[in-house]
Amino acid sequence: MARKGYVLVKCEGSKIREAVQMIRQKPGVVAADVVTGAHDIIVTLQAADAEDVAKIVLNDIAGVSGVTGTTTYLAVSLA
């Protein structure tokens, strides 16, 4: 069963536009939106499992130029 995750991304202010464009091109990224508040970008991910979500965050999102931090949330089913 596929896992859905949300990643809250903090970025250097001058690099937000470039970072969101790069993140949108990464495998597994369903959406990436610039937002107001404590974080700069919210990313929606879809991956095979929790380990793959972690790999996308660590290998693809955290390494984008300008990204200074990430917080990841996995969606859970309560049904």
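The model is predicted: local features need pLDDT of at least 70, side-chain atom pairs count only at pLDDT 80 or more, and totals for chains, interfaces and linings use all residues. Residues are numbered from 1 along each chain as its sequence is written, and side-chain values use heavy atoms, with hydrogens and water left out.

The protein chain holds two helices and four strands. Helices (H or I, at least four residues) and strands (E, at least two) are DSSP runs, numbered from the N terminus. Read from the N terminus, the order of elements is β-α-β-β-α-β. The C-alpha atoms fill a box of roughly 40 × 25 × 15 Å along the principal axes. The radius of gyration of the protein chain is 12 Å, which agrees with the value near 12 Å for a compact globule with 79 residues. This radius is taken over C-alpha atoms, and the globule rule is 2.2 Å times the number of residues to the power 0.38.

Of the 79 residues, 33% count as buried. Buried means under 20% relative accessible area, exposed means over 50%, and partly exposed lies in between (1.4 Å probe, protein chains only). Among contacts (heavy atoms within 4.5 Å) between residues at least 6 apart in sequence, 64% join residues at least 24 apart. The accessible surface comes to about 4800 Å², and 53% of this area belongs to carbon and sulfur atoms. Accessible areas come from the Shrake-Rupley method with a 1.4 Å probe; for residues, only the protein chains shown count as cover.

Strand β3 spans residues 41-47. Two strands pair if DSSP finds at least two bridges between them. Strand β1 (residues 3-11) runs antiparallel to β3, and seven bridges join them. Val7 has Val43 in β3 as its bridge partner. Strand β2 (residues 29-34) is also antiparallel to β3, with five bridges. Here Ala31 stands opposite Thr44 of β3. β2 and β3 form a hairpin with six residues between them. In the turn, Gly37 has a positive phi of about 115°.

Five of the seven residues of β3 are buried, so β3 is largely enclosed by the rest of the structure. Ile42 lies in this strand. Ile42 counts as partly exposed because its relative accessibility is 33%. Together with Tyr6 and Tyr73, Ile42 forms a nonpolar patch on the surface, with about 270 Å² of accessible area in total. Patches are made of residues with over 30% relative accessible area and no salt bridge: like charges are joined within 9 Å, nonpolar side chains (Val, Leu, Ile, Met, Phe, Trp, Tyr) within 5 Å. A salt bridge is a side-chain nitrogen of Lys or Arg within 4 Å of a carboxyl oxygen of Asp or Glu.
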